[in-house]
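Visitor: I have not looked at this structure before, and I would like to learn how to read it. Could you take me through it slowly?

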Amino acid sequence: MTSPQPLLAEAPGARERRESRARQLLTLNQPRPVRVVTDPLGRPTALHLRGRVRRVDHIREEWRIDDEWWRTPISRKYLRVVLDSGRLVTLYLDLEEKRWYLQDA
Amino acid sequence: MGLCPTLTLLEPDPAHYDTVVHEMVESISDTSPVVEPAEHGRVFVGMDGLERLYGPPPRQIRRIYTSLLRIFPRPLVAALRVGMAPGKFGAWVAAASSSPGRPCLVSEEELPAFLATRSISALPVDPLITGRLKRLGLETLGELASFRESDLIRQFGLQGRDALAWATGARIDPVHPRYRPRPIRATLDFPVPIGQTETIHGAIHRLLERALARPARRGRGVLGIRLGAHLEEGGSWQIDVILKDPAGTPDPMARPLKAKMSIQPPPRAVESLFVEFFRFGPGTAQEALFDRKDQNGRGQEGRTLTGGSIPDPLRTAVRELKLRIGYSPLYRVVELDPWSRIPERRHALMSFDP
């Protein structure tokens, strides 16, 4: 007995790619790289969001995560900042890579 | 009553108030198609682009008065307070500053100066914020406008920014014409007035079933329900319920109606009862996917899939999708390590293929 054919036509290989993706476990809330302008003390003063520069009005909260030192160390400095538009954004500085990321925390 | 023997107490008649507001809005709609009723007694009318039809603003206002005189007595219309300004906030402040029969007209150029002298109590923000502003010694919108936006955001959050935009006249909030779906109504007249709660509950179920069966309701879920009654010895009673999710069966509608009715019961026996659907949402076919039926055909509570059993409608839907596109495109959110300090380790999407 053959399996039924899909009713919608699609490009060769597209179905396999989607099936393979469907089988994967997709983690949620992955960090997204972001360009950040900092002051001489390393505190963010502006972010590039969707092609626009957003000024940081003030830093509301700050915390640090250090974990998994026994394999690939994770060391992050999280900041919850208020932008000039009033929007609340969480970002972190990866202290190993020295790169900034956006992430909901 | 002892102090004032001539005092006459009138029973509230919400059904009558609704009818009057409806008539008022209908009447004003003859002048402008953009009418937004805000609450009982307050209506916003968009007059943009009507100059060539009706003339300058004073003549536009006169036309509104004329249309209202067709349905209301002259003393009532004379008591109206009318304001005209760019945006709803400006118009409302202008109306509050006017006196009956003397409309207050504010042009776009005059708006910042006009607002600057008004009280901060006019701001449509949380009263706690206006209370704090007053304790800080601020009395007028002009004093508030002298602050920096970032300072107000820091103190009051987004409402601080909104307050500044309104105080300076920078925010011109347009009038949104009301979307008015035709309500669906079912009525039941009782041969004798009834007061027993159980009888009213039974009648609610019958009315909901009748209203749901109307062809006009098909394909739409119900979001807003009004239950009302005409009472013995005159007067009326009604309660409104807004549902969180659109419903298409009587039970999820009857529960909140009965709960609200237990808090706010009809004050007297009921002569006739009606149910009216006045707000609609999308159809409820998606919800039906999560319906579970036990062996006796009765529904079971809950839409979670963690209980182990997958509802039959959902299983069938996934089978159809696989037939059409070759695989199941549905995912479910699973917990990996919900208390992890690292946010991306907490939850994941897993393919859902029952």
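Guide: We shall go from the contact between the chains to the strands and a helix.

Guide: This is a predicted model, in which local features need pLDDT of at least 70 and side-chain atom pairs count only at pLDDT 80 or more, while totals for chains, interfaces and linings use all residues. Residues are numbered from 1 along each chain as its sequence is written, chains are lettered from A and ligands numbered from 1 in the order in which they are written, and side-chain values use heavy atoms, with hydrogens and water left out.

Visitor: How many residues does the contact take from chain A and from chain B?

Guide: Contact means heavy atoms within 4.5 Å. Here chain A contributes 37 residues and chain B 27 residues. Buried area is the accessible area (1.4 Å probe) that two parts lose on being put together, summed over both; between chain A and chain B it is about 2,500 Å², with 56% given by carbon and sulfur atoms.

Visitor: How many salt bridges are there between chain A and chain B?

Guide: A salt bridge is a side-chain nitrogen of Lys or Arg within 4 Å of a carboxyl oxygen of Asp or Glu. The count between chain A and chain B is three, and one salt bridge joins Glu68(A) to Arg345(B), with the closest N and O atoms 2.5 Å apart.

Visitor: Which strand of chain A gives the most to the side that touches chain B?

Guide: Strands (E, at least two residues) and helices (H or I, at least four) are DSSP runs, numbered from the N terminus. Strand 5 of chain A gives the most, with six residues.

Visitor: In which order do the three strands of the open sheet stand?

Guide: Strands of a sheet pair through backbone hydrogen bonds, either parallel or antiparallel, and two strands count as paired if DSSP finds at least two bridges between them. The order here is 1(A)-12(B)-11(B), with antiparallel pairing. Strand 1 of chain A and strand 11 (331–335) of chain B stand at the edges, each with a single partner strand, so one side of each has no neighbour in the sheet.

Visitor: Which residue is the bridge partner of Thr27(A) in strand 12 of chain B?

Guide: The partner of Thr27(A) is Ala348(B), and strand 1 of chain A pairs with strand 12 (residues 347–351) of chain B over two bridges. Strands 11 and 12 of chain B pair over five bridges, and Tyr331(B) stands opposite Ser351(B).

Visitor: What follows helix 14 of chain B?

Guide: Helix 14 of chain B is followed by Gly326(B), whose phi is positive, near 95 degrees.
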